[in-house]
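This report describes two contact regions in a model. The sequence and structure come before the details.

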Number of protein chains: 2
Amino acid sequence: MFEARIKQGAVLKKVLDSVKDLVTDANFEADPVEGFKLQAMDSSHVSLVSLKLHADGFEHYRCDRALTMGMNLANMAKMLKCAGNDDAITMKADDAGDTVTFMFESPDQQKISDFELKLMDIDSEHLGIPETDYDVTLRMPSVEFQRICRDLASIGDTVGISVTKDGVKFSTTGDIGEANITVRQNSEDDKDKMIAIELGAPVSLTFALRYLNSFTKATPLCDQVIVRLSPNLPVVVQYAVTEVGYVSYFLAPKIEDDDAM
Amino acid sequence: MFEARIKQGAVLKKVLDSVKDLVTDANFEADPVEGFKLQAMDSSHVSLVSLKLHADGFEHYRCDRALTMGMNLANMAKMLKCAGNDDAITMKADDAGDTVTFMFESPDQQKISDFELKLMDIDSEHLGIPETDYDVTLRMPSVEFQRICRDLASIGDTVGISVTKDGVKFSTTGDIGEANITVRQNSEDDKDKMIAIELGAPVSLTFALRYLNSFTKATPLCDQVIVRLSPNLPVVVQYAVTEVGYVSYFLAPKIEDDDAM
DNA sequence: CCTAAGAACA
DNA sequence: TGTTCTTAGG
């Protein structure tokens, strides 16, 4: 028996919106201790998404034993769209069942819905997510990161990210020309606008913008995004799910990276 | 000679928006006593719409003798869109003419427009609208009814509506799973949010969501919708046109209904 | 917060 | 031309 209730249903809706464009089918894992999580590669097997919602992030969480639930994320998202933004959402599944139920309760309890989604068998490839210290940890407003990735994608296909202690330079080149966007570290009072760089060593790497732009679907989740970089390692783009967990994306750098900033 | 003036032109615009998606061409009837009305089947001949605007709902109403005016509703809507929402609208037609004129007057009389629409000959099939007492009369916020029909249509094609004295359950089934939405009767102070059930006997019927979703195009007309149900009879979905009349829709139930709630 | 209308994209 | 996304309004 698995049952988890989140009061702010809008959070779960946003979480799903942030993964459904990247991954079509995936196994969710409900774990008695670790909570509710998902790890999957995108459909083209290039990038990787890791989602974790801690057990104690839920208003109520019960999971008798670990459960793997294979879902079509588009269909799951379709159902969650039927929840009002103020509704509480409860997910339920029997240990031996082949469905998961989403229950929506309006704040005044006047309207109660339950949506039952058929589960599917999905081969779960095991995914090696590197546990490392990164040379660079960058924090910046998630909307700003989204804007940069979107803007550069209109010029070129890849982005070079070069970080020094002063700032970050995002660069691209395309048929029509080239573009560089530099943002500086600040010590903003306003935490939402903060740009902070933790730097072990300067780093310069190149990534496919197409995937980064998919990652920014998670922008509505939180005000700040965290980007971690190390040479020859996948970049980590991480969004906090307020009070509940996080969504992280991983993308290997292009090898033909030039080290110059 | 027919001439009818309505001060709140926006009402007439909304009325037309609520029928034009369902019916392409139809005969309006102007009657000296009964007012301005329309009865028509939708283009696929499955559902039926009945619109009535009472003579005394108009600021001014003159109709020397009954007049049938065949109009293309899309074209009529196109013209009415040209009226400002605060404009007064006057409809005029000669007894022997083949056009109808819509005159729009801005509140300050600064702008006066008249649009002349060509009438067309339309075979008027006679429509039998059942005059009955219904087992169930359900009143609920029109936006909530709209939301339920839209949400369920993303899962399945038909909706089962089961009414007991406590509440109403809307259910559907589709390829990806199933869904149930239950709303409870309340005694809300706020009349707009009222959900009221008048129940002779419990009823359970099934309808095609496609048509119900067309009906909900009338949602902007008023805050509350009235749904009347009886076994083996078409459902009536009725929207009041404030102070002026109503728009009613009729749709026969699916026969393969199971009676269980 | 939710809807509807407009604008931009495919 | 149809669909989607964004924005403005209720």
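## Contact between chain A and chain B

No salt bridges are found by the rule across the interface of chain A and chain B. The model is a predicted one. Nine residue pairs, both members at pLDDT 80 or more, are in polar contact between chain A and chain B. About 1,500 Å² is buried between the two chains, and carbon and sulfur atoms account for 47% of that area. Chain A puts 17 residues into the contact, and chain B puts in 21 residues.

## The chain A side of the interface

Which residues of chain A lose the most area to chain B? They are A:Cys82, A:Gln110 and A:Lys111, which together make up 36% of what the chain A side buries.

Two elements of chain A, α2 (73-80) and β9 (111-118), each supply at least two residues of the side that touches chain B. The largest share comes from β9(A), with eight residues. By class, the side of chain A that touches chain B has six nonpolar, five polar and six charged residues.

## Domains of chain A

Chain A is assigned two domains: domain 1 covers residues 2-118 and domain 2 covers residues 136-251. Their centres, taken over C-alpha atoms, are 27 Å apart. In the contact between them, domain 1 of chain A takes part with 20 residues and domain 2 of chain A with 18 residues.

## Contact between the two domains

The size of an interface is often given as the accessible area lost when the parts come together. For domain 1 and domain 2 of chain A, the buried area is about 1,600 Å², with 65% of it from carbon and sulfur atoms. How many salt bridges are counted between domain 1 of chain A and domain 2 of chain A? The count is zero. Polar contact joins six residue pairs between these domains, both residues being at pLDDT 80 or more.

On the side of domain 1 that touches domain 2 in chain A, the elements giving two or more residues are α1 (9-19) and β4 (47-53). β4(A) gives the most to that side, with seven residues. The residues on the domain 1 side divide into nine nonpolar, six polar and five charged.

How values were computed:
Residues numbered from 1 in each chain as written. Chains lettered and ligands numbered in written order. Predicted model: local features only at pLDDT ≥ 70, side-chain atom pairs only at ≥ 80, totals over all residues. Heavy atoms only, no water. Domains from an automatic or database assignment. Contact = heavy atoms within 4.5 Å. Buried area = accessible area lost by both parts, 1.4 Å probe. Salt bridge = Lys/Arg side-chain N within 4 Å of Asp/Glu carboxyl O. Polar contact = N/O pair within 3.5 Å; in protein donor to acceptor, adjacent residues only side chain to side chain. Helix = DSSP H or I, 4+ residues; strand = E, 2+ residues; numbered from the N terminus. Nonpolar A, V, L, I, M, F, W, Y, C, P; charged D, E, K, R; others polar.
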